[in-house]
Amino acid sequence: MEESREAEAIRDVLRGNPRAFEMLVRKYERPVYNLMLRTVGNEGHAADLAQEAFLRAYEKLGTFRNGKRFFPWLYAISLNVCRDWLRRQGRDPHVYVEDANRLAEAGAASQQDTLQSRLDGRRMFDAMTKLPLAYREALVMRFREEFSMREIAQALDISVSGAKMRVSRGLDMLRKQFTEASDD
Amino acid sequence: MTDEMQTLLDRRLREAIRHLPEKEPPPDFTARVMTELEPRPASAWARFRMWLSRPIRITVTPARLAPVLVCTVAALLVGGWFGMRSTPHTAPSMHAATLPVTFVLRQSAPEVRSVAVIGSFNDWNADGYEMLYDASGKAWVLRAQLPPGDHEYVFLVNGDRVMPDPGAALTRNDGFGNRNSVLFVNPTNGQTL
């Protein structure tokens with residue numbers, strides 16, 4: 001039902017009624033804005049980038065394929081806006097990539113209670129922002145937004161097996177951060 | 001870390017991601033985006049459909065009307081004569097097959113000078129479907145007779161602005177970004193707004 005309303009709004013926009021786009025902005029402004037906030041860490045810049053993402057989606061709406069979910073498509077566009085911003089800042093979005101094989105097998109059973117206490121919202125947010133964009137957002141798409149692996153693959157422009165690897169490595173990186181913190 | 005511990009930790013991490021704290025976007029965010037949108041030109045086909053469905057206002061002058069009236073009266077006379085000869089009984093009238101319906105628009109703004117109902121039942125023509133203002137109820141009201149079935153309609157305000165019925169339970173897209181209100185006239189229960 002929701003998806004048919006979205007499809008209807010998209011058709012209306014393509015027929016020349018820009019007001020129909022408002023429903024899509026209202027529905028997805030929060031996740032897109034928070035994606036930007038995780039990337040830039042500044043509310044003003046995050047709002048500007050989120051706006052840029054929606055305007056880019058509006059411009060490209062003619063390329064949206066009927067039958068697909070709009071949100072993963074919008075997310076892919078938003079990720080591109082993030083990448084462009086990182087490039088403009090001179091930060092390579094891939095510089096943080098680590099080989100999963102090198103990720104430490106750190107941690108111990110006795111440390112789990114300490115770890116649990118560290119998994120509060122603020123620390124989790126900080127830990128997530130330390131991850132490279134592609135890994136962090138693969139985790140968000142999978143566990144928060146509940147995208148399918150295929151949708152994650154399309155959003156990140158990689159294969160389905162590549163998407164599974166991103167999620168797996170993202171978890172590895174996150175696990176490492178928390179187990180190292182527990183060692184402190 | 002044992003496999004069991006890792007499984008437990010991963011589960012907790014997934015839960016933490018699911019409940020990752022989020023902030024609300026600025027309150028004017030949607031408005032900011034919407035003001036930046038450039039109108040997209042509709043396709044030729046969409047413009048054609050829009051032209052077809054647009055309400056048409058016809059201005060009639062006495063000079064134009066006279067020949068039409070003469071032809072209409074002549075057609076009625078001829079038709080009536082043949083009808084009397086061939087059909088001894090009359091068909092049920094439109095009125096007999098219709099049901100009473102009341103349209104109400106609660107609107108007391110002084111800038112609203114006239115309201116009419118236009119819809120699929122009157123070919124989107126306001127003539128004869130002008131609403132009357134009920135000062136006590138502060139509402140524009142029209143009582144009409146409509147055949148059973150579902151009808152799409154909108155209010156025509158001041159002769160040039162259309163608006164869907166804010167009291168309608170259901171609206172339907174007209175295919176061009178506007179919404180028509182939908183009225184179900186049920187032969188057993190009458191009007192369902």
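**Exercise 1.** Determine whether Asp172(A) is buried or exposed, and identify its salt-bridge partner.

*Solution.* Step 1: Asp172(A) is buried, at 17% relative accessibility; buried denotes under 20% relative accessible area, exposed over 50%, and partly exposed the range in between (1.4 Å probe, protein chains only). Step 2: the partner is Arg175(A), with the closest N and O atoms 2.7 Å apart; a salt bridge requires a side-chain nitrogen of Lys or Arg within 4 Å of a carboxyl oxygen of Asp or Glu. Step 3: Asp172(A) and Arg175(A) are three residues apart in helix α9 of chain A, so about one helical turn separates them. Helices (H or I, at least four residues) and strands (E, at least two) are DSSP runs, numbered from the N terminus. Step 4: Arg175(A) is also buried, at 11% relative accessibility.

This is a predicted model, in which local features need pLDDT of at least 70 and side-chain atom pairs count only at pLDDT 80 or more, while totals for chains, interfaces and linings use all residues. Residues are numbered from 1 along each chain as its sequence is written, chains are lettered from A and ligands numbered from 1 in the order in which they are written, and side-chain values use heavy atoms, without hydrogens and water.

**Exercise 2.** Which residue of chain B forms a salt bridge with Arg175(A), and how many salt bridges are there between chain A and chain B?

*Solution.* Step 1: Asp10(B) meets Arg175(A) through the side chains, at 2.9 Å from N to O. Step 2: the count between the two chains is seven salt bridges. Step 3: another salt bridge pairs Glu22(B) with Arg144(A), at 3.2 Å from N to O. Glu22(B) lies in the loop between α1 (3–18) and α2 (29–36) of chain B and Arg144(A) in helix α7 of chain A, so this pair joins two chains. Step 4: Glu22(B) is buried, with a relative accessible area of 19%.

**Exercise 3.** Describe the extent of the contact between chain A and chain B.

*Solution.* Step 1: 54 residues of chain A are in contact (heavy atoms within 4.5 Å) with 37 residues of chain B. Step 2: the chains bury about 4,400 Å² between them, 60% of it on carbon and sulfur atoms; buried area is the accessible area (1.4 Å probe) that two parts lose on being put together, summed over both. Step 3: in chain A, Arg15(A), Arg144(A) and Arg175(A) lose the most area to chain B, together 16% of what that side buries.
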